[in-house]
Amino acid sequence: MRTNANERWDTTFYLPLTELSPQVVHGPNKQDCSIILPIPDDSGELADVDLDDDACGDITKANGPDEYVLNNVPITMICLDADNDNRADFNYCAAWDNIERDNCSAEADPYPGQIPNNKSKCNCDTFNIDVFIKPNPPTVLKTLTSTNTRTEPGGTYNFTASFTNPNSNTSIFLTSLSDEIDIFSDDSYNVSLDLWGATTVVNAATANGVYLIATNCAQPPDLGNGLGEIVASDTYSCIFTVHIVDSDLPDDQSPELYDDVIQLSLVDKNNDPVTNGETCPAALAGTPGNFCSNLKQVQVTNLPPTITVVKTANPTQVPESGANVTYTVRVNNTSAAYDSPMQLTSLEDNMFGNLAGEGDCATGGSIAFNDFYQCSFTKFISAAGAGSHTNTATAKAIDNEAGEATNANSATVQINDIPSAIELSKTANPTSVLETGDDPSISRSVNYTFLFSVKTTVGGDTAVDTVTFSSLTDDIFGSLTAGCMVTMKNGAAHGPVALLGFTLDPGENASCIIQKQLRGDNGDTHTNEATIDGTDEDGQAVQAMNSATVTFTPSAPASDMAFATSMLVVLEMHNAGIKDLTLTALSVLNNSVVNDADYGSFVIRNAVGGFHANVFYPACNITEVLGYNGSGTDTYSCAFTIELKPGIENATDINFLSQGVLNGITATLTDGDGDGQSDKNSVSIQVVTDEP
């Protein structure tokens, strides 16, 4: 401390107060400034005195010397080298009070101008001291010149590294340059790439990792001290490419993040680390002379895995009655190698549910890259009516990041309609009847049975459709629908139920009976064909026909023969006596021969006579006279007819007798002398009939 004046009070030395200045008081007091406050008599020298009895040191040259030295006083200063001579610039201002007063204490530190109207007294100067000023470190800039995102399993990222020596007169020396990858990770990918080192060729077989594949970064040239020198204000820059291979990303499907910085090591001309302001993150901090760039973050994003499902059916067609179908499900791993193997987690079918345990299907296994899983199961497929059956199998699988892939495929089985078929059996009872002849009022009754059924098989396939019947018609009798009341079903009594709307399943049968009246002559046949119609469940019409024949046989003779005859009775009477005789009576079975007389079983016809052996005989005259024998009139011939009535067949022979006497026909001749004598002559007639 030096003074040119005789006395000065409260000497104080100030160091430049900036944001970089030490914010402490160097002395017994505490202020937010850098102050050197000498303590009175602290140096023990004559110029160091206490002139005003306060806490601050004063100076005088009245005792002889005009200066004193403060030994072992700690001074904190800003280490600056404004003139770039690599020596520290000591900047200070010496201040004092030119008025004696007791105003300096530990509680109130003096400063120039504290007293009103008392101008500051100070003297400021700069001088070099032999303290080496380390060069300032540069700001390292890392730039991403490519996309920051690649899809798994990663890819390339292009960067530039650059910095400028901020020192205008001082060189800095670069000893290493690296790219620090994934510095905040769990160390699974924490890699330091020497940007001056060798590069790596990355191909499909390269393991997960971070690789330097291209760089033009090189150590700066040696300018004489064996180190790569970056001269004052010069710029260093280079480009490089990093390839990240990462096939195992986070299981939550989020991107894998990589925080990258460039790290470099700097020394000064003395080969000492450049310090003061290291910029590396905590993960890289701790090594003097290491400086880092700004952080660049790149990422690898997850690609969802893929699978394909192929589902096939065998056979692809079944009848509607149904058949077993074997389904084959194939799950192809179409993911890339980085997502393989895939683990099959689910096999579901929209019709059959969980397929695990169906056939040989299972889940939980792995499917290697470019490989597949295949299983089969069998189900019975049927349906009423034609159409198709489609079912879809859905598979799910996860990759190594638990990313799920799903795919589905369907198989269709054509269901072919089995056409329904019905049968009709028509039978007649009886199958033959007697002829009806010419009498229009006579007919023969025939019971027709109509037995109808639904076939169980059609074309070798089992029928399945129910048939609804709608009509029964006959080519001769017309519509029989209303008359067909079903009374038998499957061999058991049923109903009666109307045919219209009646249903039968395959294999079932039913019947109805309808009576009809027939007419015909012997040898005739009556054939009529019936048709039954219906509709199956598919709306397809079905029909069946059948006929029945009835034969007319001859009737046994049914006529009665009522036998009757007419007998011409020729009488020749001869008078063999001596007297004339008169025909006084003529009778048949004691019944007088009177024309048209009806005697029950016969009638007398005596009007015209008749021919016999081509000789005509006149009707009998009851009063005819026969002369005596030889008179020429003694013979008389006549004829009458006995008509027998019908109905005498198979009867007792007709005997024209009278009580067993042959007087079936009796003629009485009486003489004429009045004595009343008469002569009777009789003849018996027997009619014999026999009907076989």
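Ser-471 counts as buried because its relative accessibility is 18% (buried means under 20% relative accessible area, exposed over 50%, and partly exposed in between, with a 1.4 Å probe and protein chains only). This is a predicted model, in which local features need pLDDT of at least 70, side-chain atom pairs count only at pLDDT 80 or more, and totals for chains, interfaces and linings use all residues. Residues are numbered from 1 along each chain as its sequence is written, and side-chain values use heavy atoms, with hydrogens and water left out.

Ser-471 sits in strand β33 (strands are DSSP runs of E with at least two residues, helices are runs of H or I with at least four, and both are numbered from the N terminus). Not counting residues up to four places away in sequence, Ser-471 touches Thr-481, Leu-499, Thr-531, Ile-532 and Asp-533 (contact means heavy atoms within 4.5 Å).

## The partners of β33

Let's look at the strand around that serine. Strand β33 (residues 467-474) runs antiparallel to strand β37 (residues 503-504), and 2 bridges join them (two strands pair if DSSP finds at least two bridges between them). Here Thr-468 faces Thr-503 of β37. With strand β39 (residues 525-536), β33 pairs over 7 bridges, again in the antiparallel sense, and Thr-473 stands opposite Thr-531 in β39.

Strand β34 (residues 478-479) is another antiparallel partner of β33, with 2 bridges. Asp-474 is placed opposite Gly-478 in β34, and 3 residues lie between the two strands of this β33 and β34 hairpin.

## A four-stranded open sheet

Further along, 4 strands make an open sheet in the order β41-β49-β45-β44, with antiparallel pairing. Strands β41 (566-574) and β44 (597-598) stand at the edges with a single partner strand each, so one side of each has no neighbour in the sheet. Inside the order, strand β45 (residues 602-605) pairs with strand β49 (residues 635-644) over 4 antiparallel bridges; Arg-605 has Thr-641 in β49 as its bridge partner.

## Two loop residues

Thr-206 lies in the loop between β12 (191-194) and β13 (209-215), and it counts as buried because its relative accessibility is 16%. A polar atom of the Thr-206 side chain lies 2.8 Å from the backbone nitrogen of Asn-203. Apart from neighbours within four places in sequence, Thr-206 is in contact with Val-201, Tyr-211 and Val-245.

Pro-221 is in the loop between β13 and β14 (228-230). Is this proline buried or exposed? At 55% relative accessibility, Pro-221 counts as exposed. Leaving aside neighbours within four places in sequence, Pro-221 has contacts with Leu-227, Gly-228 and Glu-229. The C-alpha atoms of Pro-221 and Leu-174 are 9.8 Å apart, with the two residues 47 residues apart along the chain.

## The second largest pocket

The second largest pocket holds about 300 Å³ of space (a pocket is an open set of points on a 1 Å grid over the protein atoms alone, where a 1.4 Å probe fits, with protein on both sides within 12 Å along at least five of seven lines; lining residues have an atom within 4 Å of a point). Its volume is the space filled by probe spheres set on the points, which are joined across faces, edges and corners. Of the 15 lining residues, Arg-2, Thr-3, Ala-94, Trp-96 and Asn-123 are the closest to the centre of the pocket. Strands β1 (7-14) and β6 (87-97) are the elements that give two or more residues to this lining.

Conventions. Polar contact = N/O pair within 3.5 Å; in protein donor to acceptor, adjacent residues only side chain to side chain.
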